[in-house]
Amino acid sequence: MPASPKLVTGAAPQGATDATSAAHAVRDMFTSIAPRYDLLNHVLSFNIDRVWWRRAARTFREILSRPEVRVLDLCCGTGDMTFALRRQAGKSSPQSSPNTLPQLLGADFSHAMLQRALSKSSSNSTNAKPMPRWIEADALNLPFPSQHFDLVTSAFGFRNLADYDAGLREIVRVLRPGGECGILDFGEPKGMMGQLYRIYFKQILPRVGTMISGVRGPYAYLPASVERFPLPEEMLTRMRQAGFTEATWTPYTFGIAGLYRGKK
Ligand SMILES: C[S@@+](CC[C@H](N)C(=O)[O-])C[C@H]1O[C@@H](n2cnc3c(N)ncnc32)[C@H](O)[C@@H]1O
């Protein structure tokens, strides 16, 4: 029997009463864990997160090989997905002159997360082209003209938006016709693997996350937000309703994560 749809509007951290308070709570939460975010990501995912970013970036190697494309990494946080796109772009168009390389932009609404992205990009900038630029912006109200980008990605950020449909519509708006979107996010694996994973994700991860970050809340919010997030079939329906002509989902690592792709 198909799973019943989760008809939710968007993320709802504890205590949030509407979309505005949900967005503020999400921003405060990421700002509070920004100093330890990278360490926790790698520890809690046993470093598989690096594989997922790389795999998602490789999916878009054809777009990234084209000269002068514009790429937006939404909810970029400390920039790891953006850096994976940069590495892929470097491999895909190794002979390009700096003027024709893809233009990479990472956007996030947490200043503290962006500061870390910026310091990471200045510390390993040698020979690494194209250089990403960073911008503080709300994914639900992007400061870009319509039809501006060839590719929009978001890794583990979309799930935190206070309104998923509004987020999809905003991505469609800023994509040029024929442009593509890739949303990488957590899923809920099924079967025995799913049972084991749920024990880890709900019991162990929140405790370890709280211990290392020193902040109570965000690491209990994480499994709750994944549980709340639409299942793949529903997410794909929402993508089509938002204006994507093609929408697919590819599970990564037994469905612990997965990549949604859409074409405008
Ligand atoms: C789990 S982190 C993901 C960061 C990075 N993409 C990664 O893969 O590690 C989620 C990020 O989404 C950002 N975010 C959530 N809602 C946002 C919104 N409405 N606009 C911009 N950024 C948002 C948060 O500030 C946070 O940095």
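Cys76 is buried, at a relative accessible area of 6%, where buried stands for under 20% relative accessible area, exposed for over 50% and partly exposed for values in between (1.4 Å probe, protein chains only). The model is predicted, and local features need a pLDDT of at least 70, side-chain atom pairs count only at pLDDT 80 or more, and totals for chains, interfaces and linings use all residues. Residues are numbered from 1 along each chain as its sequence is written, and side-chain values use heavy atoms, with hydrogens and water left out.

With a disulfide taken as a pair of cysteine sulfur atoms within 2.5 Å, the count comes to 0 disulfides. Cys76 is in no disulfide, and the nearest cysteine sulfur, that of Cys75, lies 8.1 Å away. Cys181 counts as buried, at 0% relative accessibility.

Attention now turns to the strands. Helices (H or I, at least four residues) and strands (E, at least two) are DSSP runs, numbered from the N terminus. Strand 4, residues 149-155, is mostly covered, with 7 of its 7 residues buried. Two strands are said to pair if DSSP finds at least two bridges between them. Strand 1 (residues 70-74) and strand 4 run parallel and are joined by 4 bridges; Leu74 has Ser154 of strand 4 as its bridge partner. Strand 4 also pairs with strand 5 (residues 175-186), again in the parallel sense, over 6 bridges, and here Thr153 has Gly182 of strand 5 as its bridge partner. From strand 4 the chain passes through helix 7 (residues 164-174) to reach strand 5, a β-α-β crossover that is right-handed: with the strands pointing away from the viewer, the path from the first strand over the helix to the second runs clockwise.

Most residues other than glycine have a negative phi. Gln147, although not a glycine, has a positive phi of about 55 degrees; its place is in the loop between strand 3 (133-136) and strand 4. Phe156 likewise has a positive phi, near 55 degrees, and lies in the loop between strand 4 and helix 7. Gln147 counts as partly exposed, at 47% relative accessibility, whereas Phe156 is buried, with a relative accessible area of 11%.

Within helix 7 sits Glu170, which counts as buried at 10% relative accessibility. The side chain of Glu170 makes a polar contact of 3.0 Å with the side chain of Arg173. Such a contact is a pair of N or O atoms within 3.5 Å; within protein, one must be able to donate a hydrogen and the other to accept it, and residues adjacent in sequence count only if both atoms are side-chain atoms. Leaving aside residues up to four places away in sequence, Glu170 touches Ala139, Leu140, Asn141 and Leu142, contact meaning heavy atoms within 4.5 Å.

Helix 9 (residues 218-228) has several buried residues, among them Tyr219, Leu222 and Val226. The buried residues of helix 9 pack against helix 1 (19-33), helix 2 (37-44), strand 5 and helix 8 (191-213). Ile204 is found in helix 8 and is partly exposed, with a relative accessible area of 41%. Ile204 and Tyr219 are 15 residues apart in sequence and 10.0 Å apart in space, C-alpha to C-alpha.
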